[in-house]
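Visitor: Could you walk me through this model, one question at a time?
Guide: Gladly, let us take a look together.

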Amino acid sequence: MSRNLALGAAAILLLAGAALAHADEAQIRRVVESKLHGQKIEGIRPGPLGLYEVRFRSASGVQVVYTDANASYIFLGKIYESSTDRNLTEERLRKLNAIKFASLPLDQAVKIQRGNGKRVLAMFSDPHCPYCKAFEKTLQQVDNVTIYVFMFPVIHPELADQSRAVWCSPDRSKAWLDLALNGNPPQASPSCANPVEKNLELGRRLGVSATPTLIFADGERVSGLLQLADLTEQLDKKKQ
């Protein structure tokens, strides 16, 4: 880091510390924790609009609320920057809930490669999720990508054998796409050793609460489907 950059970073930290000094951090912790039914505050920092970002962990990962300096008011929801349409809260949550891509057990995922496969994406997907089906159609329009599908059959657990049968099929990627896109269950027996239960446990451990949940090369994750332009932008700026 250059001297100027180091000084700039130090100045930002000092400003943030000075801003937080104006807040009654103990009061914020006391008030917000009293509303969280036993969950503990993990951190407080200055946020947008002169508010304070209060972080806590739920079953679905790190969450944030906003307060004024004394927690007289608690703000729930998302903050958008109107001039750019940026969802500042969502951007922050992506960073807070980032996962190291290299830490994912990719051997538990169905691997689908198109073109040179240089762009990478992992996703937790349920073949009986309408949003997942719609997103699979979007993915058909993306080339030069490797997709790691962690089968996550939570909507209809009684149909989890279909995901197991995908793993037991001679061509897993074809079997997955035939099931997820067209609703055609695999013909293979679901009796082979498969990672479906491990994927369910992995998803619970990572706080996956919606399908599809996407994880990009830099570890940021997005819950829900993306439009093609947004997906392409994410993949292009997040190559490994």
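## The disulfide and its surroundings

Guide: In this predicted model, cysteine 168 and cysteine 192 are joined by a disulfide, with S to S 1.9 Å.

Visitor: How many disulfides does a search of the whole structure find?
Guide: A disulfide needs two cysteine sulfur atoms within 2.5 Å. Cysteine 168 and cysteine 192 meet that cut-off at 1.9 Å. For the whole structure, the search comes to one disulfide.

Visitor: Is the disulfide of cysteine 168 and cysteine 192 left-handed or right-handed?
Guide: Handedness here follows from the torsion about the S-S bond, which is about -95°. The disulfide is therefore left-handed.

Visitor: How many residues apart in sequence are the parts that this pair ties together?
Guide: Cysteine 168 lies in helix α5 (residues 160-168). Cysteine 192 sits in the loop between α6 (172-182) and α7 (196-206), so the parts tied together are apart in sequence by 24 residues.

Visitor: Is cysteine 192 buried or partly exposed?
Guide: Buried means under 20% relative accessible area, and exposed means over 50%. Cysteine 192 has 30% relative accessibility, so it counts as partly exposed.

Visitor: Let us turn to strand β8. How many of its seven residues are buried?
Guide: From β8 (residues 119-125), Arg119, Leu121, Met123 and Ser125 point one way, and these are buried. Val120, Ala122 and Phe124 point the other way and are buried too.

Visitor: Which strand pairs with β8 in the antiparallel sense?
Guide: With β9 (residues 145-151), β8 pairs in the parallel sense over seven bridges, and valine 120 stands opposite threonine 146 there. Four bridges join β8 to another strand that runs antiparallel to it. In that strand, threonine 213 is the bridge partner of phenylalanine 124, and the strand is β10 (residues 213-216).

Visitor: What handedness does the β-α-β unit of β8, α4 and β9 have?
Guide: The unit is made by β8, helix α4 (residues 130-139) and β9. Its two strands, β8 and β9, are parallel. The unit is right-handed.

Visitor: Which element gives the largest share of the lining of the largest pocket?
Guide: The largest pocket holds about 420 Å³ of space. Of the 18 residues that line it, the closest to its centre are Glu90, Glu91, Arg94, Gln234 and Lys237. Elements that each supply at least two lining residues are β6 (86-87), α3 (88-96), β11 (221-223) and α8 (228-236). The largest share, four residues, comes from α3.

Key:
Residues numbered from 1 in each chain as written. Predicted model: local features only at pLDDT ≥ 70, side-chain atom pairs only at ≥ 80, totals over all residues. Heavy atoms only, no water. Buried < 20%, exposed > 50% of the residue type's maximum accessible area, 1.4 Å probe, protein only. Pairing = 2+ DSSP bridges. Right-handed = clockwise from strand over helix to strand, strands pointing away. 1 Å grid on protein atoms, 1.4 Å probe; cavity = no way out; pocket = protein on both sides within 12 Å on 5 of 7 lines; lining within 4 Å. Points joined across faces, edges and corners; volume = space filled by probe spheres on them.
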